[in-house]
Amino acid sequence: MSGGAAERTVRAAVLERCGAEGPYAETRPISVREVGLRAPGPGELLVRVRAAGLCHSDLSVIDGARPRPVPMVLGHEAAGEVAALGPGTSGRFAEGDRVVLFFVAPCGACPRCTEGRAALCERAAAANAAGDLVGGGRRWVDGAGAEPAHHLGVSAFAEYTVVSADSAVRVDADLPFETAALFGCAVLTGVGAALRSAEVRPGERVAVFGLGGVGLSALLGGKVAGAAQIVGVDPVPGKRGLAGRIGATDVLAGGDGAVEAVRELTGGGADKVIDTTGSAAVLAQAYAATRPGGTTVTVGLPHPDRTLSIPAVTLAAQERTLRGSYLGSGVPARDIPAYIALYRRGLLPVTELLSGRLALDEVNAGFDRLASGEAVRQVVLM
C-alpha cells in the first residue's frame with residue numbers, strides 16, 4: 001500500500017547512505033530532518049515513539065555489513081504509545097496503549113508461522129529486506145513522491161511511526177519507556193538465545209562471546225536458567241566489569257587465547273556457548289570453546305560474504321550442535337510479557353544495560369560510542 005499524501009510531518013533520523021566510515025559525528029551518514037508520514041492502513045498502528053535503542057543491527061546497516069535500501073528511517077527497538085488505529089485493529093489496541101515494538105511482524109499463515117516459528121515468518125522477512133511494511137509498500141513520504149524505506153518494519157528513530165499491529169505488544173502503563181524499549185530487541189534476542197535457542201539447563205556451564213546489549217541479556221538469561229558457571233568474553237574492560245556485576249562468574253578479554261581459556265575454566269569446554277558478535281572468526285572460536293556433545297548458538301549477523309570454517313568431523317564424532325537464533329527463537333507476543341514478568345520479579349535487571357540517554361539529534365555520535373564499545377545500550381528519548 002503505497003501512494004497518497006502524507007498525513008503529518010515528523011522529525012526522523014534518516015540514513016542517507018550505507019557503508020559510511022566513522023567517526024559518524026563528522027561524516028554524518030544520518031540526517032535528522034522532517035519526513036512525511038501517511039496514515040496507518042488496515043492492520044496498522046500510528047505510534048508516538050517515546051524511546052528507541054541504538055543496536056548493532058542498526059550499525060550494521062550504517063557501516064554496510066548488512067546492506068539495505070536507502071534512504072531509510074532507522075531504528076527497530078522501541079516503546080511508545082498508540083496514537084491512532086488503522087482499520088481492523090480496534091479490537092486489539094486502543095489509543096493511548098503503551099506498546100513495545102519488535103522487528104518481525106508474523107503473518108500467522110506461512111509455513112514457518114504455522115509451525116510455531118514466528119521469528120522466521122516468510123512474509124515479514126521479505127518485507128524487511130525490501131524496506132517495506134508487511135501490509136505492502138511504504139508509509140514514509142519525502143518530497144516529489146520519494147518513499148524512504150522502513151527499517152525492519154519499525155523505523156523507531158522518529159517522533160511517530162506506522163507499524164503493523166503484529167509488530168507491537170501491549171505492556172503495562174507503569175513500565176518506563178526506556179526500559180520497555182529494551183525488550184523489543186536486546187532482551188528478546190539475548191534472553192531468548194539462552195532460554196529458547198540454547199535451552200540452558202540448571203547446573204550447566206555457559207560462555208557468551210560479545211557483551212553488548214544482546215550478549216549481556218544472554219548472560220542474564222543463562223543466570224535465570226540456573227547455569228552454574230557463566231563466562232563472559234569481550235575485549236572491552238567496561239563490558240567485562242558490567243558482566244561481572246550482573247552475574248558472570250568469570251570474564252575474559254578474548255583474542256587468540258580465548259578458546260583455551262574457556263576450556264580451562266570450564267573443564268574442557270562449555271556446555272552451551274552463545275556468540276553475539278556478528279564475526280565469523282569469533283563464531284569459530286565459540287564453536288571451538290564448546291565441549292563435545294555441547295551446543296553453540298549464534299545470534300550475530302556477519303556480512304553476507306563471510307563464511308565459517310569448522311572441522312566438519314566434530315559435528316558427528318563429537319555429537320555437536322551448531323544453530324542460529326533469530327529474535328531469540330521466540331514468539332514476541334508470548335515472550336515479551338514473560339520476560340517483563342521476570343524483570344518485575346528482579347530476575348532480569350535489564351536497566352543495568354542502559355549506558356546513555358540521547359536526543360534524536362545525537363544519533364550519529366551515539367553510533368560512534370556503540371561502534372567503539374564505549375556504550376552497551378543507549379536510548380533515544382523523544
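Let's start with serine 155, which sits in the loop between strand 8 and strand 9. This is a predicted model, and in it the phi of serine 155 is near 50°, a positive value in a residue other than glycine. Is this serine 155 buried or exposed? Serine 155 is buried, because its relative accessible area is 0%, and the cut-off for buried is under 20%.

Serine 329 lies in the loop between strand 16 and helix 12, residues 332-344. Its phi is also positive, near 50°. Serine 329, however, counts as partly exposed, at 27% relative accessibility.

While we are on the backbone, two peptide bonds deserve a look. The bond from glycine 22 to proline 23 is cis, with omega near 0°. Proline 23 belongs to the loop between strand 1, residues 8-15, and helix 1, residues 24-27. The bond from valine 70 to proline 71 is cis as well, again with omega near 0°. For proline 71, the loop is the one between helix 2 and strand 4, residues 72-73.

Five strands make an open sheet of mixed pairing, in the order 7-2-1-4-8. Strand 7, at 140-141, and strand 8, at 149-150, have a single partner strand each, so one side of each has no neighbour in the sheet. Strand 7 pairs with strand 2, residues 30-37, in the antiparallel sense over two bridges. If you want to find that on screen, go to glycine 36, whose bridge partner in strand 7 is valine 141.

Strand 9 covers residues 160-164, and four of its five residues are buried, so the rest of the structure largely encloses it. Its antiparallel pairing with strand 3, residues 44-53, runs over five bridges. There, leucine 45 stands opposite valine 163.

Strand 11, residues 205-209, and strand 14, residues 270-275, pair over four bridges. Phenylalanine 209 has aspartate 275 of strand 14 as its bridge partner.

The largest share, five residues, is from helix 2. The pocket holds about 970 Å³ of space. Of its 49 lining residues, His56, Thr276, Thr277, Gly278 and Gly300 are the closest to the centre. By class, the lining has 23 nonpolar, 20 polar and six charged residues.

How many cavities of 30 Å³ or more turn up in the whole structure? The search finds one. The largest cavity has a volume of about 60 Å³. Its lining includes Phe103, Asn128, Asp132, Leu152 and Ser164. The residues of that lining divide into seven nonpolar, four polar and one charged.

Definitions and conventions
Residues are numbered from 1 along each chain as its sequence is written. This is a predicted model: local features need pLDDT of at least 70, side-chain atom pairs count only at pLDDT 80 or more; totals for chains, interfaces and linings use all residues. Side-chain values use heavy atoms; hydrogens and water are left out. Two strands pair if DSSP finds at least two bridges between them. On a 1 Å grid over the protein atoms alone, a cavity is a set of points where a 1.4 Å probe fits but cannot get out, and a pocket is an open set with protein on both sides within 12 Å along at least five of seven lines; lining residues have an atom within 4 Å of a point. Grid points are joined across faces, edges and corners, and a volume is the space filled by probe spheres set on the points. Ala, Val, Leu, Ile, Met, Phe, Trp, Tyr, Cys and Pro count as nonpolar, Asp, Glu, Lys and Arg as charged, and the others, Gly among them, as polar. Buried means under 20% relative accessible area, exposed over 50%, partly exposed in between (1.4 Å probe, protein chains only).
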